[in-house]
Every structure is written in C-alpha cells, then in structure tokens.
Amino acid sequence: KIIIRRQLLNFIYIERLTWLLGAYPQKHAWFCLVFLLVKPSSVVKSLGVLFDDYLMLENQINAMIQSCYINLRNLRAIGSKLSFSLKKQLIHCFVFSKLDYCNALLFGLPNCLISRLQKVQNASVRFLFGKKIGKWEHVTPFLKEAHFLPVKYRIEFKIALLAYKCINNYTPKYLKELLHVKSQPQSLSLRNDCDYFLLDVPKVPQLSRTERAFSYAAPIVWNKLPYLLRTCDNLNVFKKKLKTHYFDIAFESL
C-alpha cells in the first residue's frame, strides 16, 4: 500500500497551475501532471497527523510521546515553584492537548500502543503530585483524585461527542451523512424497541482496519451509552454527564 504525498500535488496546483492556466486550462494542467514525478512515501502528514501505509499510526504515537515528554521535562525544571492548580493547567495545555488532538483516529488500536500513551499521562500525574506518589506506588488512585480520564476513555469520549453533534446537527453535512438513526419496526413488542436514539451499525467489509472508521466506530460507542445520556438535549450538559459516565467506568474498582 502506498500513500502519495498530497503536499507535493497541492504545491504544484497552487504554485504552477495558477499562472499556467490561460486559454487552454485543461491542456496545461494535463501536461503539468504528466511530466510530474510523484515519489511514493510510506508516511505522510495531514493536518499534523502522521499516517503510515498500514494506518497503525505508530509514527504519530511516537511523535506525540516525544513531544509530551519534552514538555514534561521542561515543566519539571520549574515544578518546585508552581502551585498544584497551575501545574494542572500546564499539564492540560502542554501534554493533554497533544494527547487529545485527533485522538479519535486512535480508536481500535492495539492495547500495546494505547498503553504507551497512558504512560505519558501517568508521568504527568507523577509530576502533578510530586513526592506524594512513591516510586513504586500505583498511579491510578491519584489519576482519579486529579479527575483525569484515562487515555482509552478520552478516545471514546471524543467519538461519543462527535456522534452527539452529528445527531443534533452541530457538524458539517459530510459527517452527518456517515451516521444513520436506527429504524424502528412498526410493531413494538419489546420495551427496547421504543429507543429511537440508537444508531445503525453498518456491516464491516472484509478489509483490514475498516472497523476503525468513524461510520463504524461511532455507532458502537454511541449505542453503549445509557438511554438518559443519549437523550440529553443540551450540549454542555451532555459533556458533563458523558465525562461522569466514563469516569465511573474507569475507576469503578476504586
């Protein structure tokens, strides 16, 4: 599988075709593309995300981890002079903002990759609490105390929020068209049949990694939410209840 560098094509289109197009726009555009040497690449960047040819996003995860650890190292240099609340704000600004950027693309990845991002969040919690956390002490209770959602549930939170926005007309048309409300039978025999807020889960084609697409992932995540949460009519209230829902699941055993 080969991903072509779209940046090169965009450059040619903007910088060359704008002044070549004249009386014969189709002719100039054709020769421009015919004599263009397009080199294939196994990794390309689009909107700040590194895509590889197998869509495992390992390069993207490596870049996220590297950037987060650099910021954490810089924060540790001044950590002794910062208050708890200021540390928390800086963690959200310089670490979690990178973990949350386009994190819906990480849905369905193996746990070995997600756990690497979780280690970054754990390191942030250790920086936040400092010496309160022992060297061999587990971070999960402090993660709950700081009210941080684990990485896995932050990904599902983003997908569920996008699904809510699609259903309630907060998103562009091209996103809304990917989701379809589940059709109800004419004869309602079961109580569950009265739930008009479920999404149709399309059949997954026999193509590798297709089940990670938004049109497949969003209905799966959305249909797992409680009925009262899916029927919420206010966006801000939905966000609060959604975080509480995932927070209770993540720290249920504590």
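These questions and answers walk through a predicted model of one protein chain.

Residues are numbered from 1 along each chain as its sequence is written, and side-chain values use heavy atoms, leaving out hydrogens and water. Because the model is predicted, local features need pLDDT of at least 70 and side-chain atom pairs count only at pLDDT 80 or more, while totals for chains, interfaces and linings use all residues.

Reader: How many helices and strands does the protein chain have?
Author: Helices (H or I, at least four residues) and strands (E, at least two) are DSSP runs, numbered from the N terminus. On that basis the protein chain comes to 12 helices and four strands.

Reader: What percentage of the 254 residues count as buried?
Author: Buried means under 20% relative accessible area, exposed means over 50%, and partly exposed lies in between (1.4 Å probe, protein chains only). Of the 254 residues of the protein chain, the buried part is 36%.

Reader: What share of the contacts with a separation of 6 or more joins residues 24 or more positions apart?
Author: Contact means heavy atoms within 4.5 Å. Among contacts in the protein chain with a separation of 6 or more, residues 24 or more positions apart account for 63%.

Reader: Which residues does Tyr-246 contact, leaving aside neighbours within four places in sequence?
Author: Tyr-246 is among the core residues with the most contacts inside the core. Leaving aside neighbours within four places in sequence, its partners are Leu-149, Tyr-153, Glu-156, Phe-157, Ala-160, Val-221 and Leu-225.

Reader: How are α4 and α5 oriented to each other?
Author: Axes are lines fitted to C-alpha atoms, for helices over the stretch in contact, and angles run from 0 to 180 degrees between N-to-C directions. The axes of α4 and α5 are 9 Å apart, at an angle of about 170 degrees. Angles under 35 degrees count as roughly parallel, over 145 as roughly antiparallel, 65 to 115 as roughly perpendicular and the rest as oblique. The two helices are therefore roughly antiparallel.

Reader: Which residues of α5 meet α4?
Author: From α4, the contact uses Met-64, Ser-67, Cys-68, Asn-71, Leu-72 and Leu-75. Facing them in α5 are Leu-90, Phe-94, Val-95, Lys-98 and Leu-99.

Reader: How are α5 and α6 oriented to each other?
Author: Helix α5 covers residues 84–100 and helix α6 covers residues 111–129. They pack at an angle of about 165 degrees, with axes 10 Å apart. The pair is therefore roughly antiparallel.

Reader: Where is Ser-124, and is it buried or exposed?
Author: Ser-124 lies in helix α6. Not counting residues up to four places away in sequence, Ser-124 touches Leu-72, Ile-91, Val-95 and Phe-96. Its relative accessible area is 0%, so Ser-124 is buried.

Reader: How are α8 and α10 oriented to each other?
Author: Their axes come within 9 Å and cross at roughly 95 degrees. Residues that meet include Ala-160 and Ala-163 in α8, with Ala-217 and Val-221 in α10. The two helices are therefore roughly perpendicular.

Reader: What is the phi of Cys-102?
Author: Most residues other than glycine have a negative phi. Cys-102 sits in the loop between α5 and α6. Its relative accessible area is 31%, so Cys-102 is partly exposed. Although not a glycine, Cys-102 has a positive phi of about 55 degrees.

Reader: Where is His-147 found?
Author: His-147 is not a glycine, yet has a positive phi of about 60 degrees. With a relative accessible area of 37%, His-147 is partly exposed. Its place is the loop between α7 and α8.

Key:
Core = buried A, V, L, I, M, F, W, Y, C linked by side-chain atoms within 4.5 Å.
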